[in-house]
Structure formats: structure tokens, C-alpha cells
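Here is a short tour of a protein model, written for someone who likes to know the cut-offs behind each term. Have the structure open as you read along.

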Amino acid sequence: MIYDIAGDLKTGQKLVYWQRNQPSNKKSLTIPHGFTHSIHIEKDDAYITTADPDAIAYIHHIDLKSEEVVSSKKLELDDEEYSESSLPGNPALVFYKGYLYYAVNQVRTGADDHTVINAGKLVKIDPKTLEIVKKIPIGDENFNPDSLAVVNHQLVVLSGYSEAYVMNEQEQIQKRMFKIPKNQRSTLEQKSTLTEQITVKGNKAYIFTMYDLRNSKDDENIRGEINEFNLENGEQLSRTII
């Protein structure tokens with residue numbers, strides 16, 4: 001069991017963790033360089049990304065047994081490259097085929113000073129050195145990767161209710177549309193929405209889409225909906241109105 005406590009940027013964030021069967025034996029350590037964005041646990045090792053007040057991103061290797069920060073490294077990201085992983089529960093850092101993968105976006109203005117270019121990427125990181133090995137573009141300007149999952153030997157990149165992208169072992173990326181009824185998709189596309197939260201459990205993703213109610217004629221008590229998807233084939237498993 002693991003959670004983090006946000007104090008202030010000067011003292012850093014505290015990580016607290018314990019074994020499920022030993023809740024009274026809690027361990028803790030301070031994570032340097034800002035607040036936590038994403039945490040991935042691989043046996044007794046934790047890999048944690050943080051960002052400081054200047055939006056400079058870092059990655060840390062934590063030994064959970066010894067309660068030590070083994071190493072920390074600044075992530076060499078380009079200007080305006082940032083993670084969408086501040087949403088609660090979103091796993092934006094995962095371990096896949098011996099490497100860490102981290103989801104980032106880069107929003108910048110084109111040469112005409114008007115065109116907005118949105119470039120979603122997967123950042124491949126060597127877990128031993130914490131160095132960036134390469135950046136893999138998603139290739140869709142309308143897709144903002146913010147959650148990752150490993151399902152059936154493939155890396156699934158999630159953003160919202162509409163579609164996902166799937167990367168195989170050869171780092172080839174293909175789009176996977178979520179199979180929801182046409183009338184539901186049409187209704188959602190006509191609304192102003194945002195992804196409030198994505199939770200991944202095994203091969204299932206639960207995506208909470210919130211409605212913008214400021215100019216809506218819908219029931220004022222309806223905030224949005226949670227759609228459950230099978231990440232292996234894109235099938236919709238359930239829909240819950242909130």
C-alpha cells in the first residue's frame with residue numbers, strides 16, 4: 001500500500017508505504033524536486049516522476065526496502081513537453097519490455113503563429129540509468145496521452161472515451177476505437193467534455209468523462225458518465241451516469 005503526502009515545495013513530498021498485513025509498520029521517505037506526477041512499483045523498486053515550480057520534470061528510483069532514494073535525474077524534455085498525469089489514479093508511467101514509458105504532450109504554435117500543434121509522445125526511459133532512450137510520437141494531433149496500461153503483451157495509451165492507441169513489441173502504434181453505441185458517441189461529441197479520471201484494473205479501463213454544465217440544458221444533477229472498456233478489443237462493458 002502506498003500514498004504520497006503533499007507538503008510544500010521547499011520540504012518536498014513524503015511517500016508513505018506499508019505491507020497490507022502490517023499496517024502499523026509504516027515506512028516513509030522524502031521525494032525531492034517538487035510534487036509527484038506518477039508512481040510505478042516494480043517489486044521492491046518504485047519509479048516516481050515529479051515536477052518543480054518551473055515545470056521541470058524529474059524521475060527518481062526508490063528502494064522501498066532500504067527506504068532510500070537510489071538516484072534522481074532531470075528528464076531532458078523539450079520546451080512545452082509536459083505530462084497530463086495529474087489526474088487522480090492515472091498510471092502515466094509503466095514498465096514494459098524492460099523499459100519505463102512515460103506519457104507526455106507538447107503543445108506549440110506553428111510557423112504562422114496561429115496553428116496550434118499538439119504532439120503526444122511516449123518517452124522511453126532506461127530504468128538503470130534513468131536516461132531517455134528515445135521519444136515515440138503518437139501521430140495524432142487530437143490525442144493527448146495521459147494514461148498507460150500493459151495488456152496482452154501490448155502497451156495501451158489512453159486519453160478519453162473515444163479511442164486508444166496500442167503499441168506492440170516492435171514499437172508500432174495503431175489506433176483502437178472504443179465500441180460504443182452511435183447515439184451515445186454522437187451525444188458525447190456534441191457536448192463540451194473533459195476526461196476527469198482514468199482507472200485501469202487488469203485489462204479494463206474506467207474512464208470518467210465530465211460534462212461542461214455551464215451552458216447545458218441537461219439535468220443539473222448529472223455531472224458526467226463512467227464508461228468501462230475491455231482494453232484487449234475496445235468493447236464497452238458498462239456505462240454509468242453520474
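Let's begin with E228, which lies in strand β19; strands (E, at least two residues) and helices (H or I, at least four) are DSSP runs numbered from the N terminus. This is a predicted model, in which local features need pLDDT of at least 70 and side-chain atom pairs count only at pLDDT 80 or more, while totals for chains, interfaces and linings use all residues. Residues are numbered from 1 along each chain as its sequence is written, and side-chain values use heavy atoms, with hydrogens and water left out.

E228 counts as buried because its relative accessibility is 11%; buried means under 20% relative accessible area, exposed over 50%, and partly exposed in between (1.4 Å probe, protein chains only). Its side chain has the polar contacts listed here. A polar contact is a pair of N or O atoms within 3.5 Å; within protein, one must be able to donate a hydrogen and the other to accept it, and residues adjacent in sequence count only if both atoms are side-chain atoms.

| Side chain | Partner side chain | Polar contact |
|---|---|---|
| E228 | Y206 | 3.3 Å |
| E228 | S238 | 2.7 Å |

Leaving aside residues up to four places away in sequence, E228 touches K204, A205, Y206, E235, Q236, L237 and S238, where contact means heavy atoms within 4.5 Å.

Y206 also leads us to a strand pair. In β18, Y206 is the bridge partner of T199. β17 and β18 pair in the antiparallel sense over eight bridges; two strands pair if DSSP finds at least two bridges between them. Together they form a hairpin with two residues between them, and G202 in the turn has a positive phi of about 65 degrees.

Next comes the helix. In α1 (residues 182-190), Q184, R185 and L188 are buried. These buried residues line one face of the helix, because they fall within an arc of 100 degrees when seen down its axis; the arc is that of the directions from the helix axis to the C-beta atoms. K182, N183 and Q190, on the other side of α1, are exposed. The cover over the buried residues of α1 includes β16 (173-177), β17 (193-201), β18 (204-211), β19 (224-230) and β20 (236-241).

F178 sits in the loop between β16 and α1, and it counts as buried because its relative accessibility is 2%. Among the residues that F178 touches, beyond four places away in sequence, are R185, I207, F229 and G234. F178 and G234 are 56 residues apart in sequence, yet their C-alpha atoms are 4.6 Å apart in space.

Which residues touch the most other members of the largest nonpolar core? They are V156, L158, F178 and L231, in a core of 16 residues. A nonpolar core is a set of buried Ala, Val, Leu, Ile, Met, Phe, Trp, Tyr and Cys residues joined through side-chain atoms within 4.5 Å. β13 (147-151), β14 (154-158), β15 (163-167) and β18 each supply at least two residues of this core, and β18 gives the most, with three. A second, separate core of 13 residues includes A103, L122, I138 and V157.

Finally, the whole chain: there are one helix and 20 strands, and buried residues make up 40% of the 242 residues.
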